[in-house]
Each structure stands twice: as structure tokens, then as C-alpha cells.
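Open your viewer and keep the selection panel within reach. We will go from one stop to the next, and at each I will tell you what to select and what is there.

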Amino acid sequence: MPYRFTFDLSRIPRFFFIELAAAACEKDMHRKFGKTVQDIIKKFRIQEATGLNLSEAVTLLEDLIDVQARNLVERERFIQTKKRALLLPHCSRKFMDNRCKAFFDPQIPSYICAHCSPDCRVGKAEVLAKKKGYDVYILPGGSCIPKILNANHYQGIIGVACGEEIKTGREILKAKGISSQTVPLIKNGCADTAFNIENLSKIL
Ligand code: SF4
Ligand code: SF4
């Protein structure tokens, strides 16, 4: 799912994501899936809101629905897992420069959040996940995942990332038989990106 376009769905009404979830539930049995996607694009004026052309908007929505559908299929198995970790993308930090006080430890490898900004999504997600017993990693890229998995024996992983990284991570986890859930970015671009913290909270 590599994108040649950037997008920002962070200001789209919440109901849009509820419709995506409904479409994910029906994905495999719905003969008019393509029409459903186009209807959602029209209804929420996604092209006007994002500047994407129709084909890009269709690609993006199909991928978002695909992520939700895969989460649903895997959910029961994931719930059974005991030892879990959350992988967060470094690009969703509030700052990408030295205003972010996180320290990168190459031995793990992960950034260690210093909680410098109460409104940083990554900082908030870290607190939320740790309260629920997850180990948390803030990664500069998917290439860090094998080292983390080899050093730990996780049964379940939640990954927050863009479509491209979700795809890479999913292959790595599948090869190791690890159950996963994913949270896609709703704003991409490798800096100042965004994910839905409420969506993450539900999956946690
Ligand atoms: S809260 Fe953590 S991740 Fe966010 S900017 Fe501060 S140190 Fe960096
Ligand atoms: S947008 Fe994707 S590829 Fe870029 S830094 Fe974030 S997770 Fe990595």
C-alpha cells in the first residue's frame, strides 16, 4: 500500500470512521463494495477535504477498510494473547526536532519518551498502553521490529503506522505467528502525522 500522495483525514467527522467500520464488517459479503466506498467518498466530501483525486481516495479508503476487516478477523485470537507490545511511529511525535525530549536507545531499539508535551499523541498513547500492561516502543521504522521481536517473546502486537509500514510489519509478524492489530495513520507524510487515539484505546 505505498502511497504517492499525502492525505489528512484528521478533521473528517467521526461518523466517517464508523461508516468505514461498518463497511469492513460487510466487506467479504458485500457485492457492491466498490460502490459503498464511492458513496462514502461522496457523502463525506473526501476529495474536497483532502485534495485527493477519486482513484487516490478509493485506494486510501479501501486500505483503511482492509485494515479494519483484518483486525476483525484477528480480534478473537489477539484477545487470547497475554504478553503484548505497542509499536508507535516516531513521525506522530509532537516534535520531530530537538524539542522532542525523547532519547533514542539503539540497543532496544526505541525512543524513550520523556513526556515533555501533554498534548503529544505518542506520549499519550504510551501512557495509555503502559497502564494496560503493554510494553511500548517508539520506532523510527519497521526495520527495528525484528530486533525487538527476537529479544522478547510477544504473543500480541498492536502497530500504529502508515499503510506501507503496516504491510511490512504484518509480514514480519505473520512469519513469526504473532497475532496483531493495527491502527492506520489518518494523516501521513512522515512528519507531523496523526492517528486516532480513541481508536487505539478501543483496540488496546
Ligand atoms: S511527549 Fe515524548 S514523544 Fe512526544 S514530543 Fe515529548 S518526549 Fe517526544
Ligand atoms: S509515515 Fe509511515 S513510513 Fe513515514 S515515518 Fe511514519 S510510519 Fe514511517
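## Stop one: a covered strand

Buried here means under 20% relative accessible area, exposed means over 50%, and partly exposed lies in between, computed with a 1.4 Å probe on protein chains only. In a regular strand, side chains alternate between the two faces of the sheet. Strand β1 covers residues 84-89, and since six of its six residues are buried, it is largely enclosed by the rest of the structure. Helices (H or I, at least four residues) and strands (E, at least two) are DSSP runs, numbered from the N terminus.

A word on what you are viewing: this is a predicted model, in which local features need pLDDT of at least 70 and side-chain atom pairs count only at pLDDT 80 or more, while totals for chains, interfaces and linings use all residues. Residues are numbered from 1 along each chain as its sequence is written, chains are lettered from A and ligands numbered from 1 in the order in which they are written, and side-chain values use heavy atoms, with hydrogens and water left out.

## Stop two: the partners of β1

Two strands pair if DSSP finds at least two bridges between them. Click on A85 to find its bridge partner in β5, I157. Then show β4 (residues 135-139), which pairs with β1 in the parallel sense over five bridges. In β4, the residue opposite A85 is D135.

Which strand holds S110? Select β3, residues 110-112, and you have it. S110 counts as buried, because its relative accessibility is 1%. A polar atom of the S110 side chain lies 2.9 Å from the backbone nitrogen of I138; a polar contact is a pair of N or O atoms within 3.5 Å, where within protein one must be able to donate a hydrogen and the other to accept it, and residues adjacent in sequence count only if both atoms are side-chain atoms.

Step to P109, in the loop between β2 (103-105) and β3. The peptide bond joining I108 and P109 is cis, with omega about -10 degrees.

## Stop four: two positive phi angles

Pick R45, in the loop between α2 (33-43) and α3 (46-50). Its phi is near 50 degrees, a positive value in a residue other than glycine, and R45 counts as exposed at 52% relative accessibility.

Next, go to C190, in the loop between β6 (179-184) and α8 (197-203). C190 has phi near 70 degrees, again positive in a residue other than glycine, and is exposed with a relative accessible area of 63%.

## Stop five: around ligand 2

Keep C190 selected and show ligand 2: the residues around the ligand are P89, H90, C91, C162, E165, L185 and C190. A residue is near a molecule or strand if one of its heavy atoms lies within 4 Å of it.
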